[in-house]
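Have the structure open as you read.

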Amino acid sequence: MRWENLTEGSAGPAALFGAGAVVTRTIDTPEFRGITFHEVRARSIVNRVPGASRMPFEWTVNPYRGCSHACVYCFARKTHSYLDLDTGIGFDSQIVVKTNAPELLRRELGSPRWTGAHIAMGTNVDCYQRAEGRYRLMPGIIEALRDRANPFSILTKGTLILRDLPLLREAAEVTEVGISVSVGFTDPGLWRTVEPGTPSPAARLGAVRTLTDAGIECGVLMAPVIPFLGDSPEQLRATVRAVAEAGATSVTPLVLHLRPGAREWFTAWLGAHHPHLAPRYEQMYAGGSYAPTWYQRRITRQVHELAAEFGIGPAHRGEARRIVAPERPDGSGPAGATQLSLL
């Protein structure tokens, strides 16, 4: 691995970790069997999103690299290659843990150079994957953001977020907080094969209900909508209906995209499980990482029509991740600050 080229004093790329800061652990318990944790002391934790990114936010915090959710389509797989780790099984089982993330974040938020910009979490790998149950990094991260009244959002497939519900409520009292849960479909068979390490769609929707019942508005990112496997009118209807019944405040569809790293792993999975679809995928994604615009628009239109039918609105920019809108200084109501969504 490239640890030696990524630590202080190396002649390689800019150091990501402190010198001698990597500890590798294999934990032989049922919930972590087959997973190796690489505990590191990160040198920074607030990351600027590359300018070429389609994401509408500028700053992220990622306490983990790699993800035991093992979603076969995960676009973040390519990031593992930077550490000379495998983007397939290695991404699912070799988890980098930034053990000093909470204290580092508190320090960076306190810097005179930090302006209090929105911070997005869960947009690379899931911050509530199974590793979080062992390392408990998110409580300290949320506390640091709460204490600085720094706006933030979380996107997750992990029901472990409910553990931190009291902290999220405290943070929402002092700053703008947004929660989105990712549920692309409700088909149990599809879930077991493409998202084998995640809580079930039903469990995730249960988390949405718990959050909303606790007074925290929660949107659903309907992602990914998987062509030819999860995009039939019946499947879309069943998913949107379930999202509405869970009390989600919004639903935003996002069609499967296949970036390098994820594309190869997904294509191998497709060949093993649905080989008859391989030619159709080659045609659909011949133009690059994204499905054709006409297809994306069709799915978006269908989901929005279903959302209107079931009484939930699509996620508009300014609404998708909002929990509490701060009042204007004159007390006349919400300040109307722009809030971020993934679309």
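Helix 8 and helix 11 cross in a right-handed sense. Keep in mind that this is a predicted model. On the helix 8 side, the contact uses Pro 233, Leu 236, Arg 237 and Val 240, and helix 11 brings Ile 299, Gln 302, Val 303, Leu 306, Ala 307 and Glu 309. Sort those residues by class and you get seven nonpolar, one polar and two charged.

Now for the geometry. Two packed helices are described by the angle between their axes and the distance between the axes. Helix 8 covers residues 233-245 and helix 11 covers residues 293-309; they pack at about 45 degrees, with axes 10 Å apart. That angle makes helix 8 oblique to helix 11.

There's another helix pair to look at, helix 2 with helix 4. Helix 2 runs over residues 101-109 and helix 4 over residues 138-147, and their axes come within 8 Å and cross at roughly 15 degrees. Angles under 35 degrees count as roughly parallel, and helix 2 and helix 4 are therefore roughly parallel to each other. This crossing is right-handed.

Here are the two pairs in a table:

| Pair | Angle between axes | Axis distance | Handedness |
|---|---|---|---|
| Helix 2 and helix 4 | roughly 15 degrees | within 8 Å | right-handed |
| Helix 8 and helix 11 | about 45 degrees | 10 Å | right-handed |

Which residues does helix 2 use to meet helix 4? They are Ala 101, Pro 102, Leu 105, Arg 106 and Leu 109, and across from them in helix 4 are Gly 140, Ile 141, Glu 143, Ala 144, Leu 145 and Asp 147.

As a general point, an α-helix has 3.6 residues a turn, so residues three or four places apart point the same way.

Last, the loop residue. Ala 117 sits in the loop between helix 2 and strand 7 (119-121). Setting aside neighbours within four places in sequence, Ala 117 contacts Trp 59, Asn 150 and Pro 151. Ala 117 and Asn 150 are 33 residues apart in sequence, yet 7.1 Å apart in space, C-alpha to C-alpha.

Methods: Residues are numbered from 1 along each chain as its sequence is written. This is a predicted model: local features need pLDDT of at least 70, side-chain atom pairs count only at pLDDT 80 or more; totals for chains, interfaces and linings use all residues. Side-chain values use heavy atoms; hydrogens and water are left out. Axes are lines fitted to C-alpha atoms, for helices over the stretch in contact, and angles run from 0 to 180 degrees between N-to-C directions. Helices (H or I, at least four residues) and strands (E, at least two) are DSSP runs, numbered from the N terminus. Angles under 35 degrees count as roughly parallel, over 145 as roughly antiparallel, 65 to 115 as roughly perpendicular and the rest as oblique. A crossing is left-handed if the near helix is turned anticlockwise from the far one by less than a right angle, and right-handed if clockwise. Contact means heavy atoms within 4.5 Å. Ala, Val, Leu, Ile, Met, Phe, Trp, Tyr, Cys and Pro count as nonpolar, Asp, Glu, Lys and Arg as charged, and the others, Gly among them, as polar.
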